[in-house]
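Here is a friendly walk through one protein model, written for someone meeting it for the first time. Please keep the sequence and the 3D view open as you read.

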Amino acid sequence: MMPALEYRQSTPRFLAARGASSTKLGGRMSGVLASNVAPLRLVHRAEPSLPSGDWVRLRPLLSGICGSDVSLLTGRSSPYFGAVVSMPFVPGHEVVAETLDDLPDLPKGSRVVVDPVLSCAVRGGEPCRWCVAGQHSRCDRVTAGRVSAGLQTGYCTDTGGGWGRQMVAHAAQLHRVPDTMDDRRAVLVEPLACAVHSVHRAQVPAGAAVLIVGAGTVGLLTLLALRALTKAGPIYVVAKHAHQHARARELGATEVFQPSRAARAVRRACGGTLEQPMIGGDFLLGGADVAFECTGAGAGLDMALRLVRAGGTVLLSGMPSGGVDLTPVWFRELNLVGSYASSGSAAASPTAEPGADAQEVDESVGGTFAEAMALAAEAPLDGYVDAIYPLTRWREALGHAAKAGQLGAVKVAFDPSRN
């Protein structure tokens, strides 16, 4: 038996958490997480078993708390996901771990980061069309195969997750960590791989004006990937907190705006006219060429849609929650692009100039993580993981993660081996 944080949901508890969170404003979601409504408990459960010989046991060293985890636990995530998970499950998909078994070319005791997507290669059987194409984040068979349903490790009963003392993973999910990289930096590789994928998905033209809405972990790592992997022109960042402003500038932001100033600041920087409807936020006729929505909140997506020029692109990098007015997508003929997880080949750029040759990005699974690993090794990411908790202090840890921006933090993580 092992200690683990177990998520066990019911419809009444989900609705109760959602109702409670809807009354919590200004980042006070920690009240929901500390209450009996929260669907998470510290339990002792059996260690997960190996589905086949190409799987290994892992001992998580650090496991990050993602914004999507906080949304799930406070009832703000979409019930859409209920069909592609199996319960009860142990959360935790941002994981750096030590292998407890031998694999070819990966001996026992190796440090690895986990690609959490449970694709056809992991589940066994014939690959779907997307896995054949190397786009495993689009896998059609996340509810089939030799392990229980789950879009990712951390949402699957059979695999366990990083918020437990032991989990299992397939060889295809593992990426070895260089000896020179410490655990705090390595635990950022998976979210950085997601940022790399979103940047490839957006296909940012050279010289394009880019807007990033949100400067938490997702927004900052997206900025890092944009500067390293594209020829973007000015990059403007919308950020609430002073430490986010400082980090965004360190990573190459051209300017950083408060949310209340964003519309006027983007108009000044990118041109256009500012329009002020009777109800709802201001919007631009003009604006940025490409926007990355990195908050996962309805207000963030609403802002991104209103501040992009006609024919521009808005990329959803944060997991969406909350309703939003999609009128700008229709009226301004915007391209709304999703980006899930960390792999896949990008399509031709919707923002390319007329007559430009369409290009495909060669973005294999290993390539995405290789880019992320290289960026993590060199980028100024010291201090991004500044709060690490044992599982026994899970309420405190999740409350910290829910208010990370206000508390000056970027990434909060668990060390499951600590008592």
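## An aromatic cluster to start with

Which residues form one aromatic cluster? They are Tyr7, Phe89 and Tyr155. Before going further, please note that this is a predicted model, in which local features need pLDDT of at least 70, side-chain atom pairs count only at pLDDT 80 or more, and totals for chains, interfaces and linings use all residues. Residues are numbered from 1 along each chain as its sequence is written, and side-chain values use heavy atoms, with hydrogens and water left out.

## The overall picture

The protein has 14 helices and 17 strands. Both kinds of element are DSSP runs numbered from the N terminus: helices are H or I with at least four residues, and strands are E with at least two. Of its 419 residues, 56% count as buried. Here buried means under 20% relative accessible area, exposed means over 50%, and partly exposed lies in between (1.4 Å probe, protein chains only).

The protein exposes about 16900 Å², and carbon and sulfur atoms supply 53% of that area. Such areas come from the Shrake-Rupley method with a 1.4 Å probe; for residues, only the protein chains shown count as cover. Among contacts in the protein with a separation of 6 or more, 71% come from residues 24 or more positions apart. A contact means heavy atoms within 4.5 Å.

## Aromatic pairs

A pair of aromatic rings is described by the distance of the centres and the angle of the planes. Rings of Phe, Tyr and Trp (its six-membered ring) pair if their centres lie within 6.5 Å; planes under 30 degrees apart count as stacked, over 60 as edge-to-face and the rest as tilted. By this rule the count comes to five aromatic pairs. One of them is stacked: tyrosine 7 and phenylalanine 89, at 4.8 Å centre to centre with 20° between the planes. This pair links distant parts of the chain, 82 residues apart, with tyrosine 7 in strand β1 (residues 2-7) and phenylalanine 89 in the loop between α3 (67-73) and β4 (95-99). Both tyrosine 7 and phenylalanine 89 are buried.

Tryptophan 163 and phenylalanine 414 form an edge-to-face pair, 5.1 Å centre to centre and with 65° between the planes. The two are 251 residues apart: tryptophan 163 is in the loop between α5 (129-132) and β6 (167-170), while phenylalanine 414 is in strand β17 (residues 411-414). Why does tryptophan 163 count as buried? Its relative accessible area is 0%. Phenylalanine 414 counts as buried too, at 0% relative accessibility.

## Charges over rings and a surface patch

A charge sits over a ring if NZ of Lys or CZ of Arg is within 6 Å of the ring centre and within 35 degrees of the ring normal. Arginine 129 lies over the face of tryptophan 130, at 4.4 Å from the ring centre. The charged end of arginine 332 sits over the ring of phenylalanine 331, 5.6 Å from its centre.

Phenylalanine 331 belongs to helix α12 (residues 327-331) and is partly exposed, with a relative accessible area of 48%. Together with Leu285 and Trp330, Phe331 forms a nonpolar patch on the surface, with about 370 Å² of accessible area in all. Patches are made of residues with over 30% relative accessible area and no salt bridge; like charges are joined within 9 Å, and nonpolar side chains (Val, Leu, Ile, Met, Phe, Trp, Tyr) within 5 Å.

## Salt bridges

Side chains of opposite charge can pair when their charged atoms come close. A salt bridge is a side-chain nitrogen of Lys or Arg within 4 Å of a carboxyl oxygen of Asp or Glu. A search of the whole structure finds twelve. In one of them, arginine 57 meets aspartate 101 (2.9 Å, N to O). Arginine 57 is in strand β3 (residues 55-64) and aspartate 101 in the loop between β4 and β5 (111-114), 44 residues apart. Arginine 57 counts as partly exposed at 28% relative accessibility, whereas aspartate 101 counts as buried at 18%.

Another salt bridge joins arginine 111 and aspartate 183 (2.8 Å, N to O). Arginine 111 lies in strand β5 and aspartate 183 in helix α6 (residues 183-186), 72 residues apart.
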